[in-house]
Amino acid sequence: MTIDLHLHSTASDGTTPPDELMRLAGAAGLRVAALTDHDTTSGWAAAAQALPPGLTLIRGAELSCRWHGEGESIALHMLAYLFDPADPALVAALARVRESRLGRAERMVALMRADGIDVDWADILAHAGGGTVGRPHLAAALIRAGLVADTQEAFGPRWLGNGSPYRLPKEDLDVFEALRLVQAAGGVTVFAHPRASVRGRVVPEELFGQLAAAGLDGLEADHHDHSPAERAEVRRIAAELGLFTTGSSDFHGTHKKVRIGEFTTAPEALERIVAGATGATPVTGVAG
């Protein structure tokens with residue numbers, strides 16, 4: 001059974017609509033696919049309706065979180081699976097994060113335009129198609145303007161990456177609040193790419209124990225932003241804390257040079273997710 005538990009669609013910052021994404025997942029040989037758009041469940045219905053026969057959809061989201069340590073704070077992402085999408089507290093929290101993302105992106109565009117960079121906010125919104133707007137949408141605008149060759153270049157320090165004058169902070173959920181919200185909504189949580197040092201600062205190791213004590217369920221180990229040593233480190237931490245590990249592509253379509261199913265999850269980890277969730281259930285496509 002081929003299981004990929006981290007896929008993005010145009011409901012956030014992917015380039016593939018949710019329905020087409022499910023068809024691609026089936027064609028890629030997946031038996032189980034999780035839709036985990038950033039801070040939104042808006043793609044769930046379209047994905048469920050488009051499932052090819054035999055493909056099971058795990059409905060989820062990737063939550064924008066932040067850990068506030070003594071004198072520092074570090075952004076991180078939390079994958080949430082099979083939670084109740086109508087839970088009022090979680091719905092309100094995700095709406096706040098999306099609104100913050102939108103305002104941040106608009107301010108970043110204003111800064112670029114003030115420097116004579118030819119990007120247009122209305123054009124970016126049109127290309128986002130109602131999805132959660134993020135830096136990849138701004139990167140796509142820079143590509144369309146011929147200013148960068150690809151998303152990787154756009155995410156460098158000259159444009160939208162760390163150290164860029166155009167990169168602004170956004171509102172994130174406190175990571176412990178995020179855990180509480182997902183648990184209350186009947187979901188299961190997995191810390192996404194927790195040791196991906198290529199993305200910037202990573203959290204101190206003692207935080208993993210604190211998160212586990214607060215109810216964290218798993219760690220994403222196999223990910224293209226993890227080196228082999230980092231994957232091994234994640235597995236060690238998970239084993240010490242009794243957490244399961246997952247593997248996934250973090251597929252974004254043309255934004256990133258990864259393929260669906262590039263990394264996969266063991267069936268035993270999926271079983272723990274399904275057994276631990278009470279907010280939603282997997283959906284499997286049937287022959288028409």
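**Strands, a helix and a pocket in a predicted model**

Leu111 sits in helix α3. With a relative accessibility of 34%, Leu111 counts as partly exposed, because buried would mean under 20% and exposed over 50%. Leaving aside residues up to four places away in sequence, Leu111 touches Pro165, Tyr166 and Leu168. His127 comes 16 residues away from Leu111 along the chain, and the C-alpha atoms of these two residues are separated by 20 Å.

Along with Thr10, Gly14, Thr15, Ile124, Ala128, His137, Ala140, Arg144 and His255, His127 lines the second largest pocket. The volume of this pocket is about 150 Å³. Sorted by class, its lining has 6 polar residues, 3 nonpolar ones and 1 charged one. Two helices, α4 (121–128) and α5 (135–144), each supply at least two residues of that lining.

Helix α5 deserves a look of its own. It is mostly covered, with 8 of its 10 residues buried. These are Arg135, Pro136, His137, Leu138, Ala139, Ala140, Ala141 and Leu142. Two of these names, His137 and Ala140, have already turned up in the lining of the second largest pocket. What do the buried residues of α5 pack against? Their partners are α3 (88–114), α4 and α6 (151–154), so the helix that holds Leu111 comes back into the picture here. Just after α5 ends, Gly146 takes a positive phi of about 75 degrees.

Next come the strands, with β2 (residues 32–38) as the one to follow. This strand is mostly covered too: 7 of its 7 residues are buried. Val32, Ala34, Thr36 and His38 point one way from β2, while Ala33, Leu35 and Asp37 point the other way, and all of them are buried. Strand β1 (residues 3–7) runs parallel to β2, and 3 bridges join the two. One of the residues involved is Ile3, whose bridge partner in β2 is Val32. To get from β1 to β2, the chain passes through helix α1 (residues 18–27), and this β-α-β crossover is right-handed. Strand β2 also pairs with β3 (residues 56–69), again in the parallel sense, over 7 bridges. Here Thr36 has Gly60 as its bridge partner in β3.

Finally, there are two loop residues with positive phi values to point out. His193 is found in the loop between β6 (188–191) and α8 (206–213). Although it is not a glycine, His193 has a positive phi of about 30 degrees. Is His193 buried or exposed? Its relative accessibility is 8%, so His193 counts as buried. Asp250 lies in the loop between β8 (244–247) and α10 (267–276). This aspartate is another residue other than glycine with a positive phi, with a value near 55 degrees. Asp250 is buried as well, because its relative accessible area is 1%, and the limit for being buried is under 20%.

How values were computed: Residues are numbered from 1 along each chain as its sequence is written. This is a predicted model: local features need pLDDT of at least 70, side-chain atom pairs count only at pLDDT 80 or more; totals for chains, interfaces and linings use all residues. Side-chain values use heavy atoms; hydrogens and water are left out. On a 1 Å grid over the protein atoms alone, a cavity is a set of points where a 1.4 Å probe fits but cannot get out, and a pocket is an open set with protein on both sides within 12 Å along at least five of seven lines; lining residues have an atom within 4 Å of a point. Grid points are joined across faces, edges and corners, and a volume is the space filled by probe spheres set on the points. Helices (H or I, at least four residues) and strands (E, at least two) are DSSP runs, numbered from the N terminus. Ala, Val, Leu, Ile, Met, Phe, Trp, Tyr, Cys and Pro count as nonpolar, Asp, Glu, Lys and Arg as charged, and the others, Gly among them, as polar. Buried means under 20% relative accessible area, exposed over 50%, partly exposed in between (1.4 Å probe, protein chains only). Contact means heavy atoms within 4.5 Å. Two strands pair if DSSP finds at least two bridges between them. A crossover is right-handed if, with the strands pointing away from the viewer, the path from the first strand over the helix to the second runs clockwise.
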